[in-house]
Amino acid sequence: MNPRSTRTVRRSLASFATILVAACAGVAQAATFTMYRDPNCGCCLEWAEHMAQGEKHEVNSVDHPDMGVVKTQHGVPDDLRSCHTMIADGYVIEGHVPAADVERLLAERPDGVTGLAVAGMPMGSPGMEHGDHRQPYQVIAFGPEGRSVWASYPGNM
C-alpha cells in the first residue's frame, strides 16, 4: 500500500471513530426514562424534573398502584428501596439519585451493575430539597456482583 492510501485509510478510521464516539454519547443523551411512582407521592415528580434536566431527557411517569411489585420485578434490594423506580436504558434507578450519577452510569456501563439506588428519601437529595438543609447520603451501585458506593453526598445538619 502506498503512503497516500495509508493516510487516507487512517483518516477514514479516525473519522469513523469520531462518529462512533459521538453516536455513543448521543445514546446516553437520547435515552428515554420510565419512572414508576405511587400516584400519591409528589416528590417523585420533582425528581423527574431534575432528571429531565430541562429538555435533555424525556421522563415518562407511570402511576402504579403497587410499587413493591415494580421493585421486586426489577431486582431492587429491600434495604435500598425508596419511593420511585426508574428504568433508564436498561438500568434500574431507585429513589433520589442525582442526574449526574445516572449520566455517569450510562456513559461508563460498568460490568456487574444492575442499577443505582439512594435508599429512603434523604432531605436535600434531588426532589427532596428543603431550603439549604441536607442529610448526608450515598448512591449505591448494585447488581449480581454485589454493591459499592457510587457517590457520596455530605450533609450540613
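I started with strand S4 (residues 91-94) and strand S5 (residues 115-117), which run parallel and are joined by three bridges. Helices (H or I, at least four residues) and strands (E, at least two) are DSSP runs, numbered from the N terminus. I then picked out glutamate 94, whose bridge partner in S5 is alanine 117.

A note on the source: this is a predicted model, where local features need pLDDT of at least 70, side-chain atom pairs count only at pLDDT 80 or more, and totals for chains, interfaces and linings use all residues. Residues are numbered from 1 along each chain as its sequence is written, and side-chain values use heavy atoms, with hydrogens and water left out.

Next I traced the whole sheet: it is open, has seven strands in the order S2-S1-S3-S4-S5-S6-S7, and its pairing is mixed. Two strands pair if DSSP finds at least two bridges between them. Strand S2 (58-63) and strand S7 (146-153) are at the edges; each has a single partner strand, so one side of each has no neighbour in the sheet.

Then I looked up alanine 88, which sits in strand S3 (residues 84-88). Is alanine 88 buried or exposed? Alanine 88 counts as buried because its relative accessibility is 0% (buried means under 20% relative accessible area, exposed over 50%, partly exposed in between, with a 1.4 Å probe and protein chains only). Setting aside neighbours within four places in sequence, I found alanine 88 in contact (heavy atoms within 4.5 Å) with Phe33, Ile93, Val102 and Leu106. I also checked leucine 105: it is 17 residues from alanine 88 in sequence and 9.8 Å away in space, C-alpha to C-alpha.
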